[in-house]
Amino acid sequence: MSRLLAREKTQGGRAAVKKLLGDLGFDNSEALTEFITAKRDADQAALTEIERREQAADEKLRAGLPPSTS
């Protein structure tokens with residue numbers, strides 16, 4: 001009985017994810033992953049050099065590393 005319920009729960013989860021992907025206009029999760037990767041790459045390319053340096057410094061601070069002086 002518990003195996004049956006677990007299978008039903010898994011199928012329901014997959015159906016919900018599939019519906020969400022469809023509602024967002026994606027055929028599958030790989031298409032969503034590709035879109036997000038392309039968007040991040042485009043956002044990164046649009047940053048100015050100063051913004052990139054500020055972002056790198058912020059990431060180092062969050063990681064507990066000292067900021068670079070160059």
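Helix H1 covers residues 2–24, and its 23 residues should span 33 Å at 1.5 Å a residue; the end C-alpha atoms are 33 Å apart, which agrees. The expected span of a helix is defined as 1.5 Å times one less than its number of residues. Helices (H or I, at least four residues) and strands (E, at least two) are DSSP runs, numbered from the N terminus.

The model is predicted: local features need pLDDT of at least 70 and side-chain atom pairs count only at pLDDT 80 or more, while totals for chains, interfaces and linings use all residues. Residues are numbered from 1 along each chain as its sequence is written, and side-chain values use heavy atoms, with hydrogens and water left out.

**Overall form**

The chain holds 3 helices and 0 strands, in the sequence pattern α-α-α. Its radius of gyration is 20 Å, well over the 11 Å that the globule rule gives for 70 residues, so the chain is more spread out than a compact globule. Here the radius of gyration is taken over C-alpha atoms, and the globule rule is 2.2 Å times the number of residues to the power 0.38. Along the principal axes, the C-alpha atoms fill a box of roughly 65 × 30 × 15 Å.

**Surface and charge**

Of the 70 residues, 3% are buried; buried means under 20% relative accessible area, exposed over 50%, and partly exposed in between (1.4 Å probe, protein chains only). The accessible surface comes to about 6300 Å², with 58% belonging to carbon and sulfur atoms. These areas come from the Shrake-Rupley method with a 1.4 Å probe. The chain has 12 positive and 12 negative charges, whose mean positions are 10 Å apart. Lys and Arg count as positive and Asp and Glu as negative, without His and the chain ends; each charge is placed at NZ of Lys, CZ of Arg, CG of Asp or CD of Glu.

Leu 47 is placed in the loop between helix H2 (29–46) and helix H3 (49–63). Leaving aside neighbours within four places in sequence, Leu 47 is in contact (heavy atoms within 4.5 Å) with Arg 52 and Gln 55. The 15 residues of H3 should span 21 Å at 1.5 Å a residue, and its end C-alpha atoms are 21 Å apart, which agrees. Gly 64 follows H3 and has a positive phi, near 85°.

**Selected residues**

| Residue | Relative accessibility | Class |
|---|---|---|
| Ala 15 | 45% | partly exposed |
| Asp 23 | 55% | exposed |
| Leu 47 | 22% | partly exposed |

Ala 15 belongs to helix H1. Its C-alpha atom is separated by 40 Å from that of Lys 60, 45 residues apart along the chain. Asp 23 also lies in helix H1. The C-alpha atoms of Asp 23 and Leu 5, 18 residues apart along the chain, are separated by 27 Å.
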